[in-house]
Amino acid sequence: MSLPPSENASQTDQPLGRHPPDLRAPVPVRLRVNGVEHKLELDIRTTLLDALREHIGLTGSKKGCDQGQCGACTVLLDGRRVLGCLTLAVMAQGFSITTIEGLAGADGALHPMQQAFIDHDVFQCGYCTPGQILSAVACVAEGHAKTDADIREYMSGNLCRCAAYPNILAAVKQARTLMEGA
Amino acid sequence: MRPFAYTKAETPDAAVKAAVYALDGETHAPPGAPVQFIAGGTTMLDLMKLDVMHPRTLIDISGISGGIEIGEGGLRLGALVRMGEAADHPTIRRDYPVIAQSLVLAASQQLRNMASLGGNVLQRTRCAYFRDVSYAQCNKRRPGSGCAALQGVNRQHAVLGTSEACIATYPGDFAQALIALDAEVEILGPRGMRRLAFAELHRAPVERPDVETALAADELIAAFTVPAGPWTRRSLYLKVRDRQSYAFALASAAVALEIAGDGDGGAVREARIGLGGVATVPWRAREAEAALRGKVLDEDSARAAAEAAFAGARGLEHNAFKIELGKRTLVRALLEAARMEVPA
C-alpha cells in the first residue's frame, strides 16, 4: 500500500512507512532563531531547547526540570511564550523563534525588561532569569500585566527558587510602562 | 525517549488517514496505541521522556487550525484552539465564565499557549505510580499489574469513581466545565464524523484503567459544542490547590445556575455541577443538582447538595481529607455563583 496523498509528507521527505528503515537517522530541520536561519540535522527526538543549546550554541535558554514545570526554557514562537523543553524542534519549524540572546537591539541596547531586571536587582543565582524575562515580555504584550495580581498569576509558570518574586513583580511593572509607551 | 516516526498532517482528514495507515490494522485503546496524534505535546512529550508512552509514530496535527464559533444555540470550540486563546476570548469570558476560568486556572501561560483543547481533555493522570516506570504496579501502564497507589502515598488520589483497579485522579479542569454544561464532542474517524456526549468520552477505571476514553486510536477530536442555556452566564470554576497558582486541583467545582427572578433570592431552577480533583474521570454531580432544584440557595441547601455529591465517596489513608474539602469547595462555589452579578 502506498502512502496517501502528499499532504502527509513527512519531515524526512520520505513516505511515512510502518517500519521506516532507521528511526535514529538525522532529519533536516530548519529553525529561524533571532532572525537567523539555521539548517540542522537532528535526531527526531530533539527538543527545541536542546536544539538551541546543543546544536546552535545559544545557551541562554536554560534547562531546569526538562519536564515543563519550571519555565527556565521559556522562548517565544511568533511572540507567544512556550516551553522549549516540551516542544519538538521539528515542530518549531516555520516559526520566528526568539531567545534571550535576541532580545536586545542590534546596537546592543537592552530591552526595557532586561534593563528593569538590572534596575530592580532581580538576579540572585540567575538561572531562571532568561525564562523570566522572555515570559515577562510576553506577559506585558498579552495584556496580562495590568495589575499586581495579574502579573503574579500570569508569571506563575516561571519558578524562582531564590524567591526573587517581589523584585520580578517590580521589574515587570517598570518595563510595562516603557513597553506600553513605546 | 525512544525513537519514533514523525509526519505532519495539514488537515483533520489527512491526520486520520495517516493514523489508519500507520496503525496497519492494529486495534488499540488510544492511550497505549503505537500511533499518536501530537498537537501541543505538553502531555505527550512529558510522558515520552518518562517512557510512560512510547509511540512508534507521531502524527503532528499542530498546524491544523482551530476556530471558536459562537451563535444563538451555543458555542463550538475547535479541538486545535489553544487553551490560552479560549481563556482570553471576551465572549466566552462573559457568557461562559466557567469555561474561561477552568482554562485560565490550569497550567501556566506557556503551557496554555501550547496545549490544544482536544489534547487537554485527554491529559493523563498525575498519579506518581503511573508516571514513574520504576513502580511495577500500575493498571493504567501495565494492565493487570495491580495498583501501587491503593496502599501507597495516595494524598492526591480520587475519592469518587474509584475501583480496586485504579484510584488515579483525572487531572484536568476544562473537562469539569464541559461536563457541567452538557457539552458534546465531535469526533472524526475513518468512517466520518460522529458525536458523543462529553460525559461519555471518559471511562471510569472499572476493569480496564488503561482504556481511558471511548475513542479509537484512529479517531481525532474535532470540536466541542456547548449548548446555550440560561445558566451559562451565572457560572464559575472554583479550584482549591496546594499553592495559589500553577498546580493541579485538590478539589474543584464547576457550577452553573439558573435562579428564578435571576438571582434575587429566588429558587434554583436549574443547577449544573462538575467536580474535579476528587474523581477518576470528569465528574457530573447529578445528585447534588437534584437536591438543589426548587430550593433557595443558602448555606444549608448548598451543604445538603454537597453531602449528596459525596455520598458515595471513599477515602483512603492519605486522601480522606478530600471528601470534606470537596464538599466545602462545592458549597463555596454554589454560594459565590448565586451572588454573581450577571450582565443582562
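Reply: Happy to; what follows goes from a sheet to a chain contact and then to domains. This is a predicted model, in which local features need pLDDT of at least 70 and side-chain atom pairs count only at pLDDT 80 or more, while totals for chains, interfaces and linings use all residues. Residues are numbered from 1 along each chain as its sequence is written, with chains lettered from A and ligands numbered from 1 in the order in which they are written.

Me: What makes strand 1 and strand 5 of chain A partners?

Reply: Two strands pair if DSSP finds at least two bridges between them. Strand 1 (residues 27-33) and strand 5 (residues 96-98) of chain A are joined by two bridges, so they pair, and they run parallel. A:Arg32 stands opposite A:Ser96 in strand 5. The strands themselves are DSSP runs of E with at least two residues, and helices are runs of H or I with at least four, both numbered from the N terminus.

Me: Why are strand 2 and strand 4 of chain A said to stand at the edges?

Reply: The open sheet of chain A has five strands in the order 2-1-5-3-4, with mixed pairing. Strand 2 (36-42) and strand 4 (80-83) each have a single partner strand, so one side of each has no neighbour in the sheet. From one strand to the next, the twist averages 40 degrees.

Me: Which strands does helix 1 of chain A touch as it packs on the sheet?

Reply: Contact requires C-beta atoms, placed from the backbone, within 7 Å. Helix 1 (residues 48-56) of chain A touches strand 1, strand 2 and strand 3 (74-77), and its direction makes about 95 degrees with that of strand 2. Axes here are lines fitted to C-alpha atoms, for helices over the stretch in contact, and angles run from 0 to 180 degrees between N-to-C directions. Helix 3 (residues 129-142) of chain A touches strand 3 and strand 4, at about 40 degrees to strand 3.

Me: How many residues does each chain bring to the contact between chain A and chain B?

Reply: Chain B brings 31 residues and chain A brings 32. On the chain B side, 14 are nonpolar, 10 polar and seven charged. Nonpolar covers Ala, Val, Leu, Ile, Met, Phe, Trp, Tyr, Cys and Pro; charged covers Asp, Glu, Lys and Arg; the others, Gly among them, are polar.

Me: What are the domains of chain B?

Reply: They are domain 1 (5-62), domain 2 (68-122 + 172-227) and domain 3 (235-339), with bounds from an automatic or database domain assignment. The C-alpha centres of domain 2 and domain 3 of chain B lie 21 Å apart.

Key. Contact = placed C-beta atoms within 7 Å.
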